[in-house]
Each structure stands twice: as structure tokens, then as C-alpha cells.
Amino acid sequence: MTKPNLTVKDLHVSIEEKEILKGFGIEVNGGEIHAIMGPNGTGKSTLASALMGHPKYEVTKGAASIDGEDLFEMEVDERALAGLFLAMQYPSEVSGVTNSDFIRSAMNAGKEEGEEVSLMKFIRQIDEKMNTLEIDESFQHRYLNEGFSGGEKKRNEILQLLMLKPRIAILDEIDSGLDIDALKVVAKGINELRSEEFGCMIITHYQRLLNYVKPDFVHVMMQGRIVKSGGPELAQKLEEQGYDWIKEELGIEDETVGQE
Amino acid sequence: MTTEITFPVNQQQVTDFSKDRQEPQWFTDLRLSSLEKALNLELPKPDKTKITKWNFTSFDFDAKTDEKGSFSELSESVKTLISKEEDVKNLIVQNNGVTTFQSMQADLIDKGVIFTDIKTAVNEHEDLIKKYFMQDAVSSDENRLTALHAALVNGGTFLYVPKNVEVDVPLQAVYSHEGSFGLFNHVLVVAEENSYVTYVENHLSEGSNEEAVANIVAEVFVGNGATVRFGAVDNLSETVTTYVNRRAQVTGRDANVYWALGQMNDGNTVSENTTNLIGDGSYGDTKTVSIGRGNQTQNFTTNLIHFGKHTDGEILKHGVMKDSATSIFNGISKIEHGATKSNSEQTERVLMLSEKARGDANPALLIDEDDVTAGHAASVGKIDPVQMFYLMSRGLSEKEAQRLIIHGFLAPVVNALPIESVKEQLYDVIERKVY
């Protein structure tokens, strides 16, 4: 099988007529972990939501493909079946649907009858992944994200990531609101997936997650596009010096979207 | 101006019917006086639904069914609701009010539990029937339909649980309706002090669809420290007009009643579910889910009335609306003066799947006491697109995502039904009605 590939070119995205992304481009391949960093309000979460197909975001220009297939020609579920996964910053709560029923339905989505994951195999897998993520047994039987704490929701996103084994994952601020122990657990989960068959884009404010999941590339977003790229050392420098030096270097006064 | 009303059954026929059933004279008299009242009383007036043109009076009174008694003769649709023959323990099956199968565990009989059809109960447990039947809970004086019910009762079940007896298995009744028969089904549950019982009933239609009437009353009495769990799945066909009145008198101190009602009729339905929390420290949990489809009109009113101190209660009503159906969801939490330290909560949620459907949620808190807590939440809306996005982002198709959300939305009642086959049946009914 060929290596996974996500290519985004000159992406422009608006929400309620306001343009947030202004010419974003990236290429993520199997075996690579990209960190997208940047201060608040620079369009990072918009990028994640737009690529997955969130109904509120409108793509006005540009292209994106997964393994050469046009992402914007696909419905949300088709994008998922093509191998794209988004770990959301604010996952929805769905009452009355248990976590395990949901995850099992998701694993069987798009599968022909007879190809579905057997119940025994499912239980074995979910037990193993919950163990990795140090998630309590009761998690399975609780309703999907209902009444979950912020940290529990993040772990649940990673549990789904591990169960669904996508080709390309986007992790949207998966580290926010996690204490250091939870952060390590989440990092362990992500590292478990590292392989040539898996490409990942980690969106984060902070460098701390990157201490545990070492990125191959680091990109800084300002004003709705990437303004600087580098290796892991860039994240380190940002941690130590903040973002001001980049703004100075590039002559940017206000890094948030909507300012020129 | 009063309009002339006629019923397909007259005094003489009621007398003959009562004689045929070998009922005691007082019961015959109750029927006759109720028939008289029915002529003079008005129809009930459910808030925001006009039912004056509904058919409540045109029906056939001949059951056209024989008492049977053998399991193998039960219809396939009844069999899907119950266990396999070898596992059937406590069950009453009736077709058009006539008992066609009955079974009960010997140890429950030994403990003094009574679980029998209403016809037998009127004869064999006359004192208990006299004490409870349409006295303190639902009265024949309330409206034309309760009066007609008392006059024409022709089916149903009596369940009596003596003091300190805990029945740890659910008792089940299946009422099937056929043809143009007018079913007047009466369920009477009496749970004495510190007893515990779970009762689940199914209403279903069989055979061809003809215009008919179902007039269903359930009265539940809960004594000191007793608990009654009452589950129901109503699944009558499009051509059956239904009046259903289920009421609990929670008279005992620290008594509990739990309702789990799956109201899935396809015809016009007016439903009232009332819980009177009379005993201090008593508790009432009332859950109702429903689906409206086609052109049907339905009205679901839940009353939760606090009389005793430290009473606690909750109303949950979830409805899914599709096609051109109309449903009104009235929730009334009432705290009477003197019911100090009581707490009343209610939630009504209506999920609209069609532009042409109508769904109204009307929560009301009527509070006549200062030292209480109460709350309500109500919403009418479409499926949340962000929820859909989340589910679809994991690969679920639009249809599958919608299915999960709807089943989840109706799960509070499905999950509360204690009999696996009934739970599955309600799940299947939901599946069939929504897709």
C-alpha cells in the first residue's frame, strides 16, 4: 500500500462570510508528524474543521486531497472512510448512545455485511486500548461524551483514534486542559500509531505535548496561513522566546485573522 | 347546547353483558350508573388539542374471540413479545379483552400475589375490586370517557401484591386488539406496604385495520415503602382512536412509582399520565417517549402532583415528529400547599424530522408552597448538525448517524423496560416508524 498523503493547497475558508484561512498549504505524508503552532485566533481550529467538513465552514478557494482524492468532493463520512480522522477540541455529546456502541458502529461503517468486526474481537481491542490510555472500564457503557470531563473527552478522542486507525489524523488541541499525567498517556497513544502508514497533524498552542510526541516538522500559523516552518528546534525556540520574534521578523503587528 | 350522543351499547345490553360475566350486582349497578353519566358528561379537554370530532363512540362490542388457554394458539405478533413457551412464567394474554393465555409461578401464588384478568378478579376478589376500582384514582365522574370506561370495561388485569412481598421477576400482559372492537381495558395494580413489583404491558393491533376505539385505564396504588415499576408499549394501528389514562396514587410514605411509557400508536391518541405523590417522602419518575407520523394527532399530558412533604418527582418526555403528524406535549408539575421540601423536575424535548410536522412542548410549574425546589427544560428542534458532523466524521453515514441519535433520544424509556423481548420490540417499532 502506498504511503498516506494529505495535500492542502492555497486553502481559503470563511465562517459567516468572514475569511479565516487565507492561503494555507501543507503536505503531510505517512511516517510524518507535523505540529501546527500559533497563538490564539490565527485559524488553526478552522483548518481542522474545514478539512473534516464541518457544516459551518465554507471553503472559498483552494484544494485538498487525501491519497490523491479530492477531499472537498466528499461528504464528511466519505472523508472518514478515505482515512481522515479529526480529534476534536469540543466533541459533541450524544445522549442514549453508549461509547462502545458508537465506536463499534464507527469501526463497522462502510464495511460490507460479513466483514464487520466481531463482538469478541471488538471487546479485546477496546479493552487493550483503554488499558493503554488508562481509561476506566465504565467508560464503554457511558453515553457518548455525556457528562465527561474535559480530560475524559480528550482521552475518548484518542481512544477512537486508536480503534479506527486512520491514515491521516488531525489532532485539534488535544492537549488543552490536560494535566501532565494525562498528557503523557495521550502521547503514549499517539506514539503507538507512529508508522509509515500513519501521518499526523498536531494543532497546539503549547510546546509541552511535543516533548512527548516528537514532531518531524513544525509550522507557525499567523493570519490564516503558515508563516514559518522548521524542525523540532523551532518548537523549542517558540517555547523559550514566544512568538514575538517571528512577528518582528515578518513585520506582522497583529497575528490574528482579519488584520493585515 | 348539548348534542345528542348515542353509544352502540344500551342499558339492556350492558345488563346482559354483566350477567354473562356473572358479575356481582354492585358491579352491574356501577356499569349502569356510569352509562347514565356518560350521556351527560363532556369529553375530556386535553390542553391544545381538539378531540370533539374524534371517534370515541362508534365501535363493535362483540369480542368475537374465545377463551383459549394454549400457548401454541397465540398469534405470531403476540409471540414476538413474550418468551419462549418453556420460559414463560408470569403472563396474561388477551385478545379483544378475552383471556387467551394465562400463567403464573406457583411460589407467587403461595405468597398471596394475585395476577389475573379483571373479569375473574371482579368475581373472586370482590372486596379488593370494590375498594379500588374507579374510586380514588380514576373516577367515572371525570368525563364521558372515564364514565364510558366504567360502564363498558371488557378487558384488563388485576395485580395485587401483599405486604412485604417482593416480586423480583417482571409480570407481563399483552393486549391485542382486532377488527372494529371497542376495547375498554382496565388495569388495577395494588402494591401493599413494603412490596415491590414490576408490571409491563403491550397493546397491539392485529388483522385488518378497521375503525375502532381503545379506552385504556390503569390505576396504580402504592402503599408505605412499596415500589411499583410500570412499563408499557402502546402500538395500536392507524384506525384505532385511543384514550389512555394511567394514574398512580402514591399514598404510602416513602413509596415509589416508576413509569416507562413507549407511546407508539399510529392513530389519534389522547394520553394522560398522572402521579399523585400523597405519602410523605414518596417518589415519582415518569418517562414517556413517542413518535408521531403520518397524519395522526396526539396529545400527551403528564401530571405530577405533590401533596406530601419531601416528595420528589421527575417528568421526562421525548417525542420524535415526522411526516405531517401533530403532537402536543403537556407537562404539569404541581406542588400543593403544605408539600414542603419537595422537588419537581421536568424535561420535554421534541425532535422535528419534517417541516410539515408539528410538535409543541408546554411545560408548566404550578407551585403553591414556598419551601420547595423545581425546574424545567423544554426544547423543540431539529437534529443538531454539529452532532451529525461528529458522528459522520467517524465514518457513519448520514442515515446511520441519524439512527443513532434518534435511538439515543428515545433510550430513556427503552432502557427502563425490564423485559428483554419488550425492549427489543420497542426498538424495532422505533426503527420501523422512523425509517
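Into which domains is chain B divided? Chain B comprises domain 1 (63-138 + 153-382) and domain 2 (383-435), with bounds that come from an automatic or database domain assignment. This is a predicted model, in which local features need pLDDT of at least 70, side-chain atom pairs count only at pLDDT 80 or more, and totals for chains, interfaces and linings use all residues. Residues are numbered from 1 along each chain as its sequence is written, and chains are lettered from A and ligands numbered from 1 in the order in which they are written.

**Domains of chain B**

Select domain 1 and domain 2 of chain B; their centres, taken over C-alpha atoms, are separated by 23 Å. Domain 1 of chain B brings 28 residues to the contact and domain 2 of chain B brings 18 residues, where contact requires C-beta atoms, placed from the backbone, to lie within 7 Å. On the domain 1 side, strands E7 (196-206), E9 (227-235), E11 (256-263), E13 (283-292) and E15 (312-321) of chain B each give two or more residues. Helices (H or I, at least four residues) and strands (E, at least two) are DSSP runs, numbered from the N terminus. That side of domain 1 of chain B has 13 nonpolar, ten polar and five charged residues. Here Ala, Val, Leu, Ile, Met, Phe, Trp, Tyr, Cys and Pro count as nonpolar, Asp, Glu, Lys and Arg as charged, and the others, Gly among them, as polar.

**Two lysines of chain B**

Next, select B:Lys64, in the loop between helix H2 (25-40) and helix H3 (76-79) of chain B. Its phi is near 50°, a positive value in a residue other than glycine. B:Lys64 counts as exposed because it has 12 C-beta neighbours inside 10 Å. The classes are buried at 20 or more other C-beta atoms within 10 Å, exposed at 12 or fewer, and partly exposed in between, with C-beta atoms placed from the backbone.

Then move to B:Lys341, in the loop between strand E16 (326-335) and strand E17 (343-352) of chain B. B:Lys341, also not a glycine, has a positive phi of about 60°. With 15 C-beta neighbours inside 10 Å, B:Lys341 is classed as partly exposed.

**The sheet of chain A**

In chain A, display the open, antiparallel sheet of four strands in the order E2-E1-E4-E5. Strands E2 (18-29) and E5 (69-70) of chain A are at the edges, each with a single partner strand, so one side of each lacks a neighbour in the sheet. Pairing requires at least two bridges found by DSSP; strands E1 (residues 5-15) and E4 (residues 57-66) of chain A pair over eight bridges. Within E4 of chain A, A:Ala64 is the bridge partner of A:Val8.

**Between the chains**

Finally, select the 22 residues of chain A in contact with 20 residues of chain B.

How values were computed
Contact = placed C-beta atoms within 7 Å.
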